[in-house]
Amino acid sequence: MSKVYFSKEISSSKILDMYKIFEDKISGNVAVKVHSGEAGNQNYLHPEFFKPVIDYVNGTVVECNTAYAGERNTAAKHIKLLKNHGWSEFFKVDLMDQYGPDEVLKVKNGLQLDENYVGRNLMNYDSMVVLSHFKGHPMGGFGGAIKQLSIGCASAAGKAYIHSAGQSLNVDEFWGLNTPQDKFLEAMADAASTIVNHFDGKMVFINVMANLSVDCDCCAKAEDPCMKDIGVLVSDDPLAIDQACVDLIYSSSDKGRNHFVERIETRNGLHTLDAAEKMKVGSRDYQLIEL
């Protein structure tokens, strides 16, 4: 049973304290996966909020380009946005797929994919801290640690490959392929498994349940949060931490709970957890330890 630590306090200092529970997992050249936030999005978590923990691990903030139109779908635009949003002001920043070719990771016994295409600079890091803003998502139902490992670490072409469940690497083509939803969700689990296998236990996951919108930070015009903030969770298990976040949503008495749950269920988002369990991304059995 995996351990997931939880605190209702949402602060930079609390995140650093909670990270230290698992700090022996992290060493060497450290990648810190964040969501840079689409231009115009009002809900993403800003670099100042994460600064203490990123400074503490002496990490490099890593991101990859998107596969949809916006301010992050080319290296030039994404680098500009990383500067405008303050990430490169405070930290070393690495746009991992800025230069090709992509690194191709083999998927072991995948549900949909045989390969996962990631930003090639992923190979430069010895360990990874994954800082996730847990929230809803217009395609996946919700986004947390698993999404950061899969879509987040994939190159632009790799994102197309996941969304199309292995049908296409073309960012201009995959949207028209009408990939069945469950196949997309299973492809995310496949991709996440390759990152977990690559780092082989040298990972720590922090999910922040704040600004709880049904929309992702990738949306330039996101819906405002529908629920009150819940807290911060930390674990060394990406599936356990996402399962714990989903359980906290479902057990909430907040008036916006039903709206959030509707977003998850209309996208069959819980299937991501089923698929991730099959792919041995982690465990759905966890012990929630409140701090």
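Visitor: How do the residues of the lining of the largest cavity divide into nonpolar, polar and charged?

Guide: There are 4 nonpolar, 4 polar and 1 charged. Here Ala, Val, Leu, Ile, Met, Phe, Trp, Tyr, Cys and Pro count as nonpolar, Asp, Glu, Lys and Arg as charged, and the others, Gly among them, as polar. Bear in mind that this is a predicted model, where local features need pLDDT of at least 70 and side-chain atom pairs count only at pLDDT 80 or more, while totals for chains, interfaces and linings use all residues. Residues are numbered from 1 along each chain as its sequence is written, and side-chain values use heavy atoms, with hydrogens and water left out.

Visitor: OK, which residues line that largest cavity?

Guide: Val34, His35, Leu45, Phe50, Leu131, Ser132, His133, Gln148 and Asp217. A cavity is a set of points on a 1 Å grid over the protein atoms alone where a 1.4 Å probe fits but cannot get out, and lining residues have an atom within 4 Å of a point.

Visitor: Which strand gives the most to the lining?

Guide: Strand β7, residues 127–133, with 3 residues. Strands are DSSP runs (E, at least two residues), and helices are too (H or I, at least four), numbered from the N terminus.

Visitor: And how much space lies in there?

Guide: About 50 Å³. The volume is the space filled by probe spheres set on the points, which are joined across faces, edges and corners.

Visitor: How many cavities of 30 Å³ or more are there?

Guide: The count comes to 3.

Visitor: Switching topic: how many aromatic pairs does the structure hold?

Guide: It holds 9. Rings of Phe, Tyr and Trp (its six-membered ring) pair if their centres lie within 6.5 Å; planes under 30 degrees apart count as stacked, over 60 as edge-to-face and the rest as tilted. Take tyrosine 5 and phenylalanine 22: their ring centres are 5.8 Å apart and the planes sit at 70°, so that pair is edge-to-face.

Visitor: Where do tyrosine 5 and phenylalanine 22 lie?

Guide: Tyrosine 5 is in strand β1 (residues 2–7) and phenylalanine 22 is in the loop between α1 (12–19) and β2 (30–33), so the pair ties together parts 17 residues apart in sequence.

Visitor: Is phenylalanine 22 buried or exposed?

Guide: Buried, at 8% relative accessibility. Buried means under 20% relative accessible area, exposed over 50%, partly exposed in between (1.4 Å probe, protein chains only).

Note on methods. On a 1 Å grid over the protein atoms alone, a cavity is a set of points where a 1.4 Å probe fits but cannot get out, and a pocket is an open set with protein on both sides within 12 Å along at least five of seven lines; lining residues have an atom within 4 Å of a point.
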